[in-house]
Amino acid sequence: MSPRPRVVLLTLVVVLAVVQPTLADAGTADADPGAGDVGTTFGPAVERHPSSAGATADALRTVRADRVHERGLTGSGVAVGVVGQGFDSGAVDSSVVDRRQVGEPTDSTAHDTAVAEVVAETAPDADLYLVGVGRTPTPAEYAAAVEWLTARGVDVVVDSGSYFPAVAADERRITAAAERATERDVVFVTSAGNYADRHWAGAGTDDGWIDFAADDAANALADGDAFQGRVTVRLRWRSDADYDLYLYRRLPNAPDRVVAKSTGDEAGPGLTVEGIDVAVPRGQYYVAAYADDPPDTPDRVQVFAARHELEHTTASGSMVAPATSERVVAVGAAEDGEHLAYSSRSATGTVDLTAPADAGAHGTPDLAGTSAAAPYVAGTAALVKEAGGDPSPARVETVLRRTADDDGETVDALAAVEAVTASEAAGSDVDVVTSETPVAGSSGDVGRSRTDPDRLTTGDATSATSNAVDRSATRNVSESDGRGTAVETDDDERTARPDERNRNDGADRTGERDRDRDDNSTDSDSRVPDDGSTDGDGRRTTGER
């Protein structure tokens with residue numbers, strides 16, 4: 001090695017040794033709150049996380065769409081809009097009437113092209129309108145995409161993604177865009193998300209660190225296994241508490257190190273969000289949350305890890321925008337009639353409908369998840385619209401839910417079409433169901449029994465139903481792996497409140513409490529430093545497909 005490269009290398013080693021702090025024991029209160037060994041911060045975008053999709057003959061038979069086709073109903077005269085990152089030309093071109101790219105162009109088009117293909121196979125003669133929002137759409141871009149579809153008179157919209165904004169108000173804007181579509185007689189269908197094992201919800205703390213389980217203030221990512229790449233984490237709560245979010249790296253022969261943190265100077269009383277969006281080198285990582293000014297009465301707190309499974313999880317409440325809205329149809333993933341463990345659920349542990357989770361399209365033969373499930377329901381909605389004399393969105397959802405199979409969840413296209421056809425023939429709004437498919441539940445079961453996932457009020461903080469899912473700053477995620485921009489969805493509050501703040505825009509005030517932590521320590525007195533990775537001014541939404 002020549003002298004010049006050797007000098008450069010030695011300089012780099014020295015710089016890293018100075019910049020990267022160690023997190024030894026909790027007693028070193030004056031530890032440097034630097035960024036640590038974190039990679040590029042990829043910002044406060046609204047990232048879209050996609051679910052997988054792709055149609056198969058078996059799946060079409062499962063939802064009995066093939067039987068509907070045999071009766072001459074194929075979605076003719078019905079327009080379906082598909083929201084995605086972007087779309088390829090190919091398998092669905094013959095069904096596409098128009099397309100547009102609103103957000104930044106992306107190379108990741110296979111997933112959403114497959115979603116469109118599922119719709120085209122479920123409702124072969126429906127007219128498709130495709131609109132791409134890119135991987136990190138802003139709430140304004142997302143709203144423009146939905147507006148473009150409604151302006152073209154679509155009857156059904158499907159978005160197989162989830163969104164995780166870093167700013168609380170952006171969640172509301174994403175959801176509001178979907179709800180405006182329903183006000184224009186559009187059936188809005190979305191994937192529930194694949195985050196049941198990437199989400200934790202439980203009680204906050206009145207004494208510093210949040211415990212994700214008994215005496216465990218650390219929640220490991222990727223089930224404790226080593227990984228590298230992008231990390232997207234969101235911390236959400238509604239109270240005057242002031243929580244900070246930290247990302248630690250475990251080191252085998254040294255104290256654990258804080259590699260990223262998100263802090264803010266203001267809190268509640270509305271929804272507050274802290275977010276971390278960084279790229280990290282290979283290693284073992286965990287998240288931790290600390291209340292800088294603990295409340296007298298602990299509140300409910302949620303943690304989403306959009307890209308990695310968590311060690312401690314809560315399935316209930318693991319849906320994000322726009323699926324959290326009462327006005328959209330949130331679709332979970334099922335196999336053999338069973339709601340799959342990774343599929344996200346509302347705060348009450350439910351979804352509106354489920355559909356097959358595995359499928360194989362031309363461009364993406366092995367995609368699976370709630371992204372695959374959502375377009376089956378959207379295509380079925382198109383069949384119901386054709387058969388029922390243009391029923392309202394609320395009526396379409398009611399028919400789909402009442403005629404669902406497998407304990408009232410898995411969509412049944414034939415039963416739904418028979419019900420709406422019989423009702424149309426009778427000239428009434430009464431849902432008539434054939435003897436072949438019994439009604440799932442009574443009339444009192446119509447609609448959702450869903451509460452705001454940000455306001456969980458029952459259940460033990462650590463007794464979660466299997467898995468949880470995370471969404472990062474407003475992101476666009478497809479539901480094979482998640483995507484999307486999160487928006488608050490309280491029915492009585494549809495516009496952003498001035499007291500809803502992004503906690504990432506404040507000055508760093510944690511220097512006096514950033515401390516080192518012993519490896520594998522879960523001592524609630526140890527604290528984590530910030531990396532400044534989550535600028536609160538970023539408006540793009542992170543998401544994946």
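Strands S11 and S12 form a hairpin, with six residues between them. Helices (H or I, at least four residues) and strands (E, at least two) are DSSP runs, numbered from the N terminus. The model is predicted: local features need pLDDT of at least 70, side-chain atom pairs count only at pLDDT 80 or more, and totals for chains, interfaces and linings use all residues. Residues are numbered from 1 along each chain as its sequence is written, and side-chain values use heavy atoms, with hydrogens and water left out.

S11 covers residues 243-250 and runs antiparallel to S12, to which five bridges join it. Two strands count as paired if DSSP finds at least two bridges between them. Tyr246 stands opposite Lys261 in S12. S12 (residues 257-262) is mostly covered, with six of its six residues buried. Buried means under 20% relative accessible area, exposed over 50%, and partly exposed in between (1.4 Å probe, protein chains only).

Strand S2 (residues 79-84) is also mostly covered: six of its six residues are buried. Ala79, Gly81 and Val83 point one way from S2. Val80, Val82 and Gly84 point the other way. S2 pairs with strand S4 (residues 127-132) in the parallel sense, over six bridges. S2 is also joined to strand S5 (residues 156-159) by four bridges, again parallel. Val82 takes part in both pairings: its bridge partner in S4 is Leu130, and in S5 Val82 stands opposite Val158.

Leaving aside neighbours within four places in sequence, Leu130 is in contact (heavy atoms within 4.5 Å) with Val82, Phe87, Val92, Val96, Asp98, Arg99, Arg100, Ala116 and Trp148.

H4 passes H7 in a right-handed crossing, in which the near helix is turned clockwise from the far one by less than a right angle. H4 contributes His111, Val115, Val118, Val119 and Thr122 to the contact. H7 contributes Ser371, Ala372, Pro375, Tyr376, Ala378, Gly379, Thr380 and Leu383. These residues divide into eight nonpolar, five polar and no charged. Ala, Val, Leu, Ile, Met, Phe, Trp, Tyr, Cys and Pro count as nonpolar, Asp, Glu, Lys and Arg as charged, and the others, Gly among them, as polar.

Backbone geometry was also examined in the loops. A cis peptide bond joins Ala321 and Pro322, with omega about 0°. Pro322 lies in the loop between strands S14 (300-305) and S15 (329-335). Ala222, a residue other than glycine, has a positive phi, near 55°. Ala222 is found in the loop between strands S9 (219-220) and S10 (227-238). Ala222 is buried, at 18% relative accessible area. Phi of Asp336 is likewise positive, near 55°. Asp336 is found in the loop between S15 and strand S16 (338-339). Asp336 counts as exposed, at 74% relative accessibility.
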